[in-house]
Amino acid sequence: MLNKIWLRLSIDKKVRSFALVVIVIILVSSGFSMFTMGFSLKDYSEILDENKICQEFMDAMESEGNAFHSYIAQRSDISSKDDEEDPKEDIDIVTIGEE
């Protein structure tokens, strides 16, 4: 049935119908591409957000470690000054266990 209709159409109508089919295919593929791109970008955005959170956590842990090291260094400086001012008896850990 479609074959008979196609054979009866003039060349002008055949060209127009062919152009219409090509335009529809292009529009459908463009719409599918946009849908796929939006879906991919949404997932990529989630990955970037999670990566940012992890990076902020790592930076916080690094600054916490640096603060701890400076605190220990400061405490060591204070305790070494106290030792110089008021020397205490050196305690040997091994001898404490043997007493």
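1. How many residues apart are F35 and F39 in helix α2? They are four residues apart, which puts about one helical turn between them. Helix α2 covers residues 11-85. Bear in mind that this is a predicted model.

2. On the aromatic side, the count comes to one pair. The ring centres of F35 and F39 are 6.5 Å apart, and their planes meet at 20°, so this pair is stacked. The cut-off for stacking is an angle under 30 degrees.

3. Next, the nonpolar surface. M34, M37, L41, Y44 and L48 form a patch there. Together they have about 540 Å² of accessible area. One of them, Y44, sits in helix α2. Y44 counts as partly exposed, because its relative accessibility is 49%.

4. Now confidence. The protein chain has an average pLDDT of 82. A score of at least 70 is reached by 77% of the residues. Among the elements of the chain, α2 has the highest mean pLDDT, at 88. Helix α3, residues 93-98, has the lowest, at 50.

5. A caution on residues 95-99. Their pLDDT stays under 50. For this stretch the model has one contact beyond four places in sequence. Where pLDDT is low, predicted coordinates should not be read in detail.

Definitions and conventions. Residues are numbered from 1 along each chain as its sequence is written. This is a predicted model: local features need pLDDT of at least 70, side-chain atom pairs count only at pLDDT 80 or more; totals for chains, interfaces and linings use all residues. Side-chain values use heavy atoms; hydrogens and water are left out. Rings of Phe, Tyr and Trp (its six-membered ring) pair if their centres lie within 6.5 Å; planes under 30 degrees apart count as stacked, over 60 as edge-to-face and the rest as tilted. Helices (H or I, at least four residues) and strands (E, at least two) are DSSP runs, numbered from the N terminus. pLDDT is the predictor's confidence in each residue, from 0 to 100. Contact means heavy atoms within 4.5 Å. Patches are made of residues with over 30% relative accessible area and no salt bridge: like charges are joined within 9 Å, nonpolar side chains (Val, Leu, Ile, Met, Phe, Trp, Tyr) within 5 Å. Accessible areas come from the Shrake-Rupley method with a 1.4 Å probe; for residues, only the protein chains shown count as cover. A salt bridge is a side-chain nitrogen of Lys or Arg within 4 Å of a carboxyl oxygen of Asp or Glu. Buried means under 20% relative accessible area, exposed over 50%, partly exposed in between (1.4 Å probe, protein chains only).
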